[in-house]
Amino acid sequence: MNGFNNFVSQTIVAYHPGGRFPALSVTGGRCEQQCDHCQGHYLKGMGPATTPGALMERAAELERKGARGFLLSGGCDGAGRVPLAPFVPAVREIKERTSLLVNLHTGLVDGGAAAELLSSGADCFSVDVVQDRGVIREALHLEASPQDYAATLEALSPAPRLVPHICVGLQSKDGERRSLELVAGYDIAALVVLGLAPARGTPWDGRTWDLRRLPRFVEQASSLLDAPVLVGCMRPRGQWEVELECIKAGAAGIVNPSSRAVEGAMFLGYAFEKREECCSFHR
C-alpha cells in the first residue's frame with residue numbers, strides 16, 4: 001500500500017477579497033482605543049468612508065465596478081465601540097439600491113445599539129470575542145469584562161449571519177478556550193480564527209508566540225462547532241507550514257493563502273476554490 005491511498009478529497013475555499021470586497025473605515029485612520037498590538041495600524045489598509053455620504057458614493061462606485069460587497073469597520077472609541085450608528089440609514093439605502101453584500105464589524109454593543117445596527121439590513125455581523133479579563137484591561141485598554149463580549153454576542157444573535165472572530169495569541173490559552181466555549185452556545189454562520197500579528201512600532205512589536213497554537217485551535221474549533229472554521233486576514237505572514245497545518249486541522253477556508261501552502265495541500269489531495277469576497281460569507 002502506498003501513501004497515495006491516504007490522500008484526502010476536500011475542497012478548501014481560498015478567499016481573496018481585494019478590490020471586489022474592500023474593507024472600509026468609518027473613522028479613517030483614527031482609533032481611540034489604541035490596543036497594544038495595533039494602535040490603528042490596520043486601519044491604514046482600509047478605504048476611508050468617514051461620512052454617510054462618502055459611504056454611499058463608495059458603494060455606488062463598487063456597484064458600477066461589479067464588486068461583491070464590502071466590510072464596514074473602523075477604529076473604536078474608548079469603550080470599544082465602532083461608531084456605526086450614523087451610517088445605519090446609508091447602509092439601509094445601499095441594501096435597497098444595490099446588490100452589494102455588507103458585513104458590519106461592530107465592536108462592543110448593548111441591546112439598543114444592536115437593534116439599531118440590525119435594522120440596517122446588513123447581511124453579516126462580525127464580532128471579536130475575548131474572554132481574558134487581563135488582556136481586555138491591560139492590552140485592549142477597555143473598562144470592560146468578558147461578560148460585555150458575551151452580551152454583544154447575545155444582542156446580535158438575531159443577525160442573519162453572526163460570525164465571531166477569535167484571535168489566537170492575543171489572549172491566554174484559557175481565554176481562547178473560554179472564547180470558543182462561548183461562541184459554541186450560539187447559532188453562528190462561521191468562526192473566523194485570526195493569529196496575533198503585532199504591528200511595527202506598537203508596544204507589542206516583537207512579541208512572539210507559539211504559532212503552532214493556531215492549527216491546534218483550528219482543530220479544537222472544528223471538533224466542537226457545527227459551523228465552518230476559517231483562517232482570516234490578520235495573521236503572521238510567510239508561515240506556509242502553519243497555513244498547511246490549519247488546512248489539515250479542519251479549516252474550511254483561508255484568506256490569501258500562500259502559494260506553498262496551496263501547493264502542499266493540493267499534493268495531499270485537497271482542491272481549491274477561489275472566491276473574491278470576505279470569508280465571513282463562507283457557504
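A helix is here a DSSP run of H or I with at least four residues, and helices are numbered from the N terminus. In this predicted model, helix α8, which spans residues 240–249, supplies three residues to the lining of the largest cavity, and this is the largest share of that lining.

The count comes to one cavity of 30 Å³ or more, and about 50 Å³ of space lies in the largest cavity. Its lining consists of Leu211, Leu214, Val231, Arg235, Pro236, Gln239, Val242, Glu243 and Cys246, a set that divides into six nonpolar residues, one polar residue and two charged residues.

## Packing of α7 against α8

The axes of α7 and α8 come within 8 Å and cross at roughly 15°. Because angles under 35 degrees count as roughly parallel, α7 is roughly parallel to α8, and the crossing of these two helices is right-handed.

On the α7 side the contact involves Leu214, Pro215, Val218, Glu219 and Ser222, which meet Val242, Glu245, Cys246 and Ala249 of α8. The residues of this contact divide into six nonpolar, one polar and two charged. Leu214, Val242 and Cys246, which take part in the contact between α7 and α8, are also among the residues that line the largest cavity.

## Packing of α6 against α7

Helix α7, residues 213–224, also has α6, residues 173–183, beside it, with axes that come within 11 Å and cross at roughly 25°. The two helices are therefore roughly parallel to each other, and their crossing is right-handed.

Lys173, Glu176 and Leu180 make the contact from α6, while Arg213, Phe217, Gln220, Ala221 and Leu224 make it from α7.

About 330 Å³ of space lies in the second largest pocket. The pocket is lined by 20 residues, of which Arg81, Leu108, Val109, Asp110 and Ala113 are the closest to its centre.

Two helices, α3 (111–118) and α5 (146–155), each supply at least two residues of this lining.

Key: Residues are numbered from 1 along each chain as its sequence is written. This is a predicted model: local features need pLDDT of at least 70, side-chain atom pairs count only at pLDDT 80 or more; totals for chains, interfaces and linings use all residues. Side-chain values use heavy atoms; hydrogens and water are left out. Axes are lines fitted to C-alpha atoms, for helices over the stretch in contact, and angles run from 0 to 180 degrees between N-to-C directions. Angles under 35 degrees count as roughly parallel, over 145 as roughly antiparallel, 65 to 115 as roughly perpendicular and the rest as oblique. A crossing is left-handed if the near helix is turned anticlockwise from the far one by less than a right angle, and right-handed if clockwise. Contact means heavy atoms within 4.5 Å. On a 1 Å grid over the protein atoms alone, a cavity is a set of points where a 1.4 Å probe fits but cannot get out, and a pocket is an open set with protein on both sides within 12 Å along at least five of seven lines; lining residues have an atom within 4 Å of a point. Grid points are joined across faces, edges and corners, and a volume is the space filled by probe spheres set on the points. Ala, Val, Leu, Ile, Met, Phe, Trp, Tyr, Cys and Pro count as nonpolar, Asp, Glu, Lys and Arg as charged, and the others, Gly among them, as polar.
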